[in-house]
Amino acid sequence: MKNLSTVMTDVQKKKKNKKGFSLVELIVVLVIMAILVAALVPSLIGYIRQARQSTAKDEAAAIVQATQTIVSSAYADVSSTYNNASGDDYSFSTFDGNVTDNDLETIVKELAEVNGGSINAIILDDGRVSEIDYTAENGEMVKYENYAYEIVDSF
């Protein structure tokens, strides 16, 4: 028969040899992690959306500046032609209304150093860029009008 001290020693040895976590401990940790993920995912998605929109607005601003440079240069020229150093000259028939075409878009994007995206419309008002509709490569659509940039769902 075992005495009380032998039984206590055996119990202590078994407790020392016990390794790992119980099922309840693991479930508690998983629940805490799920709560943290549920709280962080929406804010992370918001930051990603803001970054995409900011990139699109930056590209649109570069497009507007490049377009205004080209239009101002042609507006000052007697023949209404923008003379590019690479030989990609562009002549304007008018400095009012919608003047978007593939040649102008190519020259503007080259000057703005924007590789992707597409310019949907460039509207001039007496030699000033009054409106640009631009779709960035990441799919965000930006409208420039009255010196303001706005992300829009559709044009």
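Predicted model: local features only at pLDDT ≥ 70, side-chain atom pairs only at ≥ 80, totals over all residues.
Residues are numbered from 1 along each chain as its sequence is written, and side-chain values use heavy atoms, with hydrogens and water left out. Local features need pLDDT of at least 70 and side-chain atom pairs count only at pLDDT 80 or more, whereas totals for chains, interfaces and linings use all residues.

**View 1. Ring pairs link Tyr75, Tyr90, Phe92 and Phe95 into a cluster.** Rings of Phe, Tyr and Trp (its six-membered ring) are paired if their centres lie within 6.5 Å, with planes under 30 degrees apart counted as stacked, over 60 as edge-to-face and the rest as tilted; by this rule the count comes to 4 aromatic pairs. Tyr75 and Phe95 form an edge-to-face pair, at 5.0 Å centre to centre and 85° between the planes. Because Tyr75 lies in helix H2 (residues 23-76) and Phe95 in the loop between strand S2 (90-91) and strand S3 (97-98), this pair ties together parts that are 20 residues apart in sequence. Helices (H or I, at least four residues) and strands (E, at least two) are DSSP runs, numbered from the N terminus. The rings of Phe92 and Phe95 have centres 5.2 Å apart and planes at 25°, so this pair is stacked. Buried means under 20% relative accessible area, exposed over 50% and partly exposed in between (1.4 Å probe, protein chains only); Phe95 is buried at 12% and Phe92 is buried at 7%, whereas Tyr75 is partly exposed at 44%.

**View 2. Val24, Val28, Ile32, Leu36 and Leu40 make a nonpolar surface patch of about 480 Å².** Accessible areas come from the Shrake-Rupley method with a 1.4 Å probe, and for residues only the protein chains shown count as cover. Val28, one of the patch residues, lies in helix H2 and is partly exposed at 45% relative accessibility.

**View 3. Asp126 has a positive phi of about 55° although it is not a glycine.** Asp126 is found in the loop between strand S4 (118-125) and strand S5 (128-135), and at 51% relative accessibility Asp126 counts as exposed.

**View 4. Tyr147, a residue other than glycine, has a positive phi near 65°.** Tyr147 lies in the loop between strand S6 (141-145) and strand S7 (148-152), where its relative accessible area of 61% makes Tyr147 exposed.

Notes. Patch = residues over 30% accessible without salt bridge, like charges linked within 9 Å, V, L, I, M, F, W, Y side chains within 5 Å. Salt bridge = Lys/Arg side-chain N within 4 Å of Asp/Glu carboxyl O.
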